[in-house]
Amino acid sequence: MDCFVVEGGRPLAGTVRAAGSKNAVLPLMAAALLPEGETRLERVPRVRDVTTLTELLRSLGASVESGVPGMLRIQAPAEGPTEAPYEVVRRMRASVCVLGPLLARRGRARVSLPGGCVLGVRPIDLHLKGLAALGARIQVEHGTVAAEAPPGGLRGGRVFLSGPQGPSVLGTANVLMAAVLARGVSVLDGVALEPEVQALARFLTDCGARIEGIGSPRLVVEGVEALEGRSVRVPPDRIETGTLLLAGALTGGRVRVEDCRPGELVALLDLLERAGVPLRTEEGPDGGGAVEVRPWERRPRALDVTTRPWPGFPTDLQAQWMAFCTVCEGLALVTETVYPDRFLHVAELNRLGAAIRRSGPTAVVLGPAQLSGAPVLASDLRASACLVLAGLAARGRTTVRRVYHLDRGYEDLDARLRGLGAEVRREPDPEAP
Ligand code: EPU
């Protein structure tokens with residue numbers, strides 16, 4: 001098991017290209033179970049979740065070839081295994097998004113229930129409600145969801161896909177992937193608007209699916225007999241981009257992220273600007289572009305944030321924003337509405353000298369703190385990124401342990417940060433069991 005050793009206290013400087021999005025590539029890979037022909041994915045990030053899903057797709061009888069770096073070619077036969085075992089789902093919750101495609105193409109699916117995780121209780125009731133609305137018979141027994149399409153296959157239906165915390169991202173993906181091959185028309189309301197869901201819907205459309213309302217809260221899907229395989233370029237990772245920009249902002253440095261989509265990060269960019277971090281944004285004609293954060297002369301102001309579904313401030317940047325607030329002037333309330341328990345990083349940030357108190361779904365951050373390096377323990381992917389960021393701003397050495405969390409979703413984060421002038425080394429963790 002590795003750890004990151006961060007020697008903090010120096011501003012970052014440089015340019016980096018955004019990697020392909022983890023949260024976009026996973027549903028796109030699952031969608032490759034649907035077409036008869038080959039799906040070709042470009043700009044696939046080198047992250048462990050992609051390796052895990054590759055393993056799962058192969059166990060379902062799909063061929064997954066890599067060859068050229070950053071490219072995956074996937075083809076799945078109509079007949080084949082239909083079970084996603086606990087051993088895989090346990091390692092990666094996103095495995096659940098093979099449920100919809102398997103049910104639509106092979107008529108049945110068995111997927112272990114993912115259970116909770118460090119972000120809190122994470123039910124999949126909305127996924128199951130949506131698939132049931134398309135006629136699937138669903139039984140949950142012995143920790144496994146067993147779903148079966150009715151004779152003649154899934155049929156169109158109506159479903160509302162939001163719960164108390166808002167729409168479900170992977171729930172929308174799952175039900176959409178099932179609806180595209182169902183007989184008749186499906187109306188999906190209260191769907192997630194996240195760019196990753198839109199990318200999936202556009203890809204399915206390219207493959208021959210009939211979907212109206214992409215980007216709106218209502219998707220109307222007219223089922224088709226079959227889909228054809230197509231090529232798709234994975235969109236840039238907005239959460240990685242946001243993480244790198246915050247690394248620049250919190251060290252008072254200059255970081256330029258290229259090949260990203262500033263329009264997908266409006267909530268973060270607005271906050272950074274209002275906090276007093278000088279920013280430059282360039283938007284290309286295809287929505288692609290670049291963002292640069294520049295050195296600040298006056299310490300930025302701490303600003304309150306509340307996480308919301310897109311286009312609100314993403315929960316996946318909450319921990320990194322909190323790290324940034326620790327170096328800002330003043331008091332900030334960080335409120336989490338998507339995963340009200342996603343706060344395991346608070347205690348670790350406090351170990352580095354931050355002054356943060358949590359009350360229910362809100363953390364109160366008092367800055368500026370003089371952070372000082374210490375050993376810290378990462379609890380999940382984004383919390384790990386937040387600790388690396390705090391380590392970059394801290395005086396002295398921070399050791400972030402359990403970086404396997406980071407490897408799940410950030411491509412070569414240590415090398416990318418080194419490219420920006422950071423002193424970050426990956427080392428075997430001497431204290432790992
Ligand atoms: N929820 C329900 N019922 C459901 C599904 C979700 O009540 O059936 C609740 C969840 O408990 C949560 C909220 O709805 O409170 C939103 O969960 P959602 O289903 O949208 O999350 P997800 O689809 O499982 C994806 C991302 C997460 C990201 C969330 C929210 C992927 C692979 N994962 O998860 O990403 O935090 O959307 O934007 O796309 C990460 O990358 O670090 C990460 C955790």
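Predicted model: local features only at pLDDT ≥ 70, side-chain atom pairs only at ≥ 80, totals over all residues.
A residue counts as partly exposed when its relative accessible area lies between the buried class, under 20%, and the exposed class, over 50%. The points below take up a surface patch, an open sheet, a hairpin and the cysteines.

**Surface patch**
- Leu333 belongs to strand S21, which covers residues 330–335, and together with Leu331 and Leu366 Leu333 forms a nonpolar patch on the surface.
- The accessible area of Leu331, Leu333 and Leu366 together comes to about 260 Å².

**Open four-stranded sheet**
- Four strands make up an open sheet in the order S24-S25-S1-S26, and their pairing is mixed.
- Strand S24 (375–377) and strand S26 (423–428) each have a single partner strand and stand at the edges, so one side of each is left without a neighbour in the sheet.
- From one strand to the next, the twist of this sheet averages 25 degrees.
- S24 and strand S25 (residues 397–401) run parallel and are joined by three bridges, and within this part of the sheet Pro375 stands opposite Thr399 in S25.
- Ala422 is placed in the loop that lies between helix H14 (413–419) and S26, and Ala422 counts as buried because its relative accessibility is 8%, where the cut-off for buried is under 20%.

**Hairpin of S22 and S23**
- Strand S22 (residues 355–359) pairs with strand S23 (residues 362–367) in the antiparallel sense, over five bridges, and Ile356 stands opposite Val365 in S23.
- The hairpin has two residues between the strands, and in this hairpin Gly360 takes a positive phi near 60 degrees.
- In general, strands of a sheet pair through backbone hydrogen bonds, whether parallel or antiparallel.

**Cysteines**
- The structure holds zero disulfides, and for Cys3 the reason lies in distance, because the closest cysteine sulfur, in Cys386, is 17 Å from the sulfur of Cys3 and is therefore too far for a bond, the cut-off for a disulfide being within 2.5 Å.
- Cys3 counts as buried, at 1% relative accessibility, and Cys97 likewise counts as buried, at 0% relative accessibility.

How values were computed
Residues numbered from 1 in each chain as written. Heavy atoms only, no water. Pairing = 2+ DSSP bridges. Axes fitted to C-alpha atoms, helices over the stretch in contact; angles between N-to-C directions. Patch = residues over 30% accessible without salt bridge, like charges linked within 9 Å, V, L, I, M, F, W, Y side chains within 5 Å. Areas by Shrake-Rupley, 256 points an atom, 1.4 Å probe, with all protein chains shown as cover. Salt bridge = Lys/Arg side-chain N within 4 Å of Asp/Glu carboxyl O. Buried < 20%, exposed > 50% of the residue type's maximum accessible area, 1.4 Å probe, protein only.
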